[in-house]
Every structure is written in structure tokens, then in C-alpha cells.
Amino acid sequence: MAPSVLLFGLLAIACSLASASDHSPLQDFCVADATSPVLVNGLVCKDPKLVKADDFFFKGLHLAGNTSNAVGSRVTPVNVAQIPGLNTLGISLVRIDYAPWGINPPHTHPRATEILTVVEGLLEVGFVTSNPENHLITKVLQKGDVFVFPVGLVHFQRNVGYCNTVAIAALNSQNPGVITIANTVFGSKPDISSDLLAKAFQVDKNIVYKIQSHF
Ligand SMILES: *[C@@H]1O[C@H](CO)[C@@H](O)[C@H](O)[C@H]1NC(C)=O
């Protein structure tokens, strides 16, 4: 292979890797200015002279989330929306509470890989590789175990015990985003056509209507 072709290939790989996560900061910090009307990729920095400790602070992650809902889990996010000082830093955290047999339904984070540890209880975790293999990678985690969900892949968790489960997870984006499969496919506004979904899922249209009615 000609050296220039090789160099171009390496550059292309480097560029695609760089675009898979948040950009690197160009200053010590850029605390988000919630009052700015300016729209940029990320959030506008407030005057560094006005920055205070509370801009880098969040209180309350010891508190259990309310899991009384249809899926039996609750995510408490700690990202740039809660800590303005996370702006441009490419990192965030969540606490996830699971009632017995509660699930965190299949979803994906468009901008982050996730690394999760179980603080309390038992947790079945899994992700599925992309087409055409669609290989399910799954494991049951105990307290202290750590598991990784690679960026973009559909993943889920389920409490497989009769006690509450608590997990803490870090994600390499200030704003990882969440795309929950059921909600996006069956709960979009306006609806995706039921004909299209019936064909996509190879089921009767009435089944599509029934699922849509829950989202
Ligand atoms: C938890 O959420 C349920 C359903 O929204 C609500 O009825 C209940 O009061 C909440 N519990 C607490 C402790 O906030």
C-alpha cells in the first residue's frame, strides 16, 4: 500500500474515533451559563471570574430513586444539566435504582460508552452487537462487579433478585443522551405509520396499535 494511502486511512480512523465522543476542552473549564440565549455545540461558558465551587457540585446521590413505575427502575442523572461545570469535560454519572425484578428497558446512548458498577443487589446486564450478527452479550453482576456498555449499542439491565438493586454508572459525555427503543419506535409524536411498524416487526397491525397505546 502506498504510504499516502496508509496515512489517509489512519487519519480517517483517527477522525472517526474523535467524533464518537465529546470534544476535548480548550481551557481549564467552561462552566455552562444557563442564562445565555446563544446556541452552540455544548453550552456557552460563563465568566470564569464568576465561577464558584457549587458549579462543580451535586448533592443527593445517596438518595434512592422512586421505582414505582411501569418498568420498576429509576435513573437519577448527574450530567451537565445538574452540574454546569461538566460542560466541555466529556464525562457524567448516573445512579440507577431497581425494584425487585425491575428493568432498565433496552436503550442506547448516542454519545457515550457506559461503565457500570453494582453497589447493592443483583443485576442481569446485556448488550447486542450490531447487524448482521446481533450477538447478545450478557452476564449477572453481584455487588462490586463492573460491566461496560460500548457506545451506541442497545443495552438493558434487570434486577434478578428479591431485594432492591443500586448501580452507579459513568459515561464519557457531558450529555450522553438516551434513546429508549420502545418509546422512540412506538411512542413518537406523531406516530410512525402502523403499516410500516407492522411490516418492520412482522406482526399484525392490531399488535402495533396495542403497543403504541402504552407509549
Ligand atoms: C413514587 O411515585 C409514585 C407514582 O408516581 C407516587 O404515587 C409516590 O407517591 C412516589 N413516592 C414517593 C416516596 O415519592
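Colleague: Which residues does UniProt list for "binding site", and how should I read such an entry?

Modeller: An annotation of this kind may be inferred rather than shown by experiment, and here the model itself is predicted. With that in mind, an unreviewed UniProt entry lists Asn-104, His-109 and Glu-114 for "binding site", and the record also places a "binding site" feature at His-107, His-109, Glu-114 and His-155.

Colleague: Where do His-107, His-109 and Glu-114 lie in the fold?

Modeller: His-107 belongs to strand β3, which covers residues 103-108, and Asn-104 has its place in strand β3 too. His-109 sits in the loop between β3 and β4, while Glu-114 is found in strand β4, residues 114-120.

Colleague: Is Glu-114 buried or exposed?

Modeller: A residue is called buried when its relative accessible area is under 20%. Glu-114 has a value of 2% and is therefore buried; His-107, at 3%, is buried as well, and the term also applies to His-109 at 8% and to Asn-104 at 10%.

Colleague: Which side chain makes a polar contact with the side chain of Glu-114?

Modeller: The partner is the side chain of His-109, at 3.0 Å, and the side chain of His-109 is in turn joined to that of His-107 by a polar contact of 3.4 Å.

Colleague: Which residues does His-109 touch, not counting residues up to four places away in sequence?

Modeller: Beyond those sequence neighbours, the residues that His-109 touches include Glu-114, His-155, Leu-171 and Val-178.

Colleague: What lies 2.8 Å from a polar atom of the side chain of Thr-108?

Modeller: That is the backbone oxygen of Gly-152. Thr-108 itself lies in strand β3 and counts as buried at 10% relative accessibility; leaving aside neighbours within four places in sequence, its contacts include Gly-152, His-155 and Gly-177.

Note on methods: Residues numbered from 1 in each chain as written. Predicted model: local features only at pLDDT ≥ 70, side-chain atom pairs only at ≥ 80, totals over all residues. Heavy atoms only, no water. Helix = DSSP H or I, 4+ residues; strand = E, 2+ residues; numbered from the N terminus. Buried < 20%, exposed > 50% of the residue type's maximum accessible area, 1.4 Å probe, protein only. Polar contact = N/O pair within 3.5 Å; in protein donor to acceptor, adjacent residues only side chain to side chain. Contact = heavy atoms within 4.5 Å.
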